[in-house]
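Please look through the sequence and the model below before reading on. The paragraphs that follow go from a charged pair to the surroundings of the ligand.

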Amino acid sequence: MAVVTRGFTGRGRREVDLPPGQYLTDDFPVLSAGPTPRISLDEWRFEVADGDGTRQAWSWPELLALPSEEITTDIHCVTKWSKRGTHWRGVSLDTLLSGVDSDVGYVMAHSYGGYTTNLPMADVRDGKAWVAYEYEGEPLAPEHGGPARLLVPHLYFWKSAKWVRGLRLMATDEPGFWESAGYHMYGDPWREQRYWGD
Ligand SMILES: Nc1nc2c(c(=O)[nH]1)N[C@H]1C(S)=C(S)[C@@H](COP(=O)(O)O)O[C@H]1N2
Ligand SMILES: [Mo]
């Protein structure tokens, strides 16, 4: 049986430290389940909604006034491309969730345009998730989720909701858009959790 060493490609790109089944790309593919929604910054809001009707909302200037962070991270799409060392700027969800009960187990991210994706609360806290509004030093392009998207790079990239408009807190886990269509409820690329049953 042939032994194939996958540490390097022909072009010398490192493929070690990539999640199983992924390949590297230098492109930034656009993956959207529908048309790109256009949101005017005057009307843009990011909202955190509790089950009991409590809401907190930030306008666009209010979001920009919050402390922001620079994030350098690899990203991994379930369609098998990965991209190294992407640079973002955004507000940590630790900041946006600081007023929220830490007992809440899950959140549903909601997007302008109707997309949803579910995440455990633990996965959007402790420096693991952001509302990102810059990519490579420029305002985030509409096709990539601008004005702002979720960035949760330790999970497959479908969890990083583009055109994010808020989080709804949930006591129990519920599937979002792709999860209802067979994608994994959690989506850890390192455990190759692409679909139900993985
Ligand atoms: N609102 C919204 N967010 C979304 C999607 C989508 O269709 N709608 N696609 C997801 C998927 S499957 C991926 S891989 C990434 C793609 O982000 P990109 O288009 O910036 O590469 O966005 C995720 N977030
Ligand atoms: Mo994806």
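Does E47 count as buried, partly exposed or exposed, and what is its relative accessibility? In this predicted model, E47 has a relative accessibility of 26% and therefore counts as partly exposed, since that class lies between the cut-offs of 20% and 50%. The partner of E47 is R55, and the two residues form a salt bridge in which the closest N and O atoms are 2.4 Å apart. R55 itself is exposed, because its relative accessible area is 53% and the exposed class begins over 50%.

Side chains of opposite charge can pair when their charged atoms come close. The structure holds eight salt bridges, and another one of them joins the side chains of R84 and D74, with 2.9 Å from N to O.

From these charged pairs we can turn to the ligand. The space that ligand 1 takes up is the largest pocket, and 20 residues surround the ligand there, the closest being P29, A33, H144, R149 and K162. Sorted by class, this shell comprises 13 nonpolar, four polar and three charged residues.

Several polar atoms of the protein lie beside oxygen atoms of ligand 1. A backbone N or O atom of L31 is 2.9 Å from one such oxygen atom, while for A33 a backbone N or O atom lies 2.6 Å from an oxygen atom of the ligand. H144 contributes through its side chain, a polar atom of which lies 2.6 Å from an oxygen atom of ligand 1. Of the 530 Å² of accessible area that ligand 1 has on its own, the protein covers 97%.

Methods: Residues are numbered from 1 along each chain as its sequence is written. Chains are lettered from A and ligands numbered from 1 in the order in which they are written. This is a predicted model: local features need pLDDT of at least 70, side-chain atom pairs count only at pLDDT 80 or more; totals for chains, interfaces and linings use all residues. Side-chain values use heavy atoms; hydrogens and water are left out. A residue is near a molecule or strand if one of its heavy atoms lies within 4 Å of it. A polar contact is a pair of N or O atoms within 3.5 Å; within protein, one must be able to donate a hydrogen and the other to accept it, and residues adjacent in sequence count only if both atoms are side-chain atoms. Accessible areas come from the Shrake-Rupley method with a 1.4 Å probe; for residues, only the protein chains shown count as cover. On a 1 Å grid over the protein atoms alone, a cavity is a set of points where a 1.4 Å probe fits but cannot get out, and a pocket is an open set with protein on both sides within 12 Å along at least five of seven lines; lining residues have an atom within 4 Å of a point. A molecule sits in a cavity or pocket if more than half of its atoms lie within 2 Å of its grid points. Ala, Val, Leu, Ile, Met, Phe, Trp, Tyr, Cys and Pro count as nonpolar, Asp, Glu, Lys and Arg as charged, and the others, Gly among them, as polar. A salt bridge is a side-chain nitrogen of Lys or Arg within 4 Å of a carboxyl oxygen of Asp or Glu. Buried means under 20% relative accessible area, exposed over 50%, partly exposed in between (1.4 Å probe, protein chains only).
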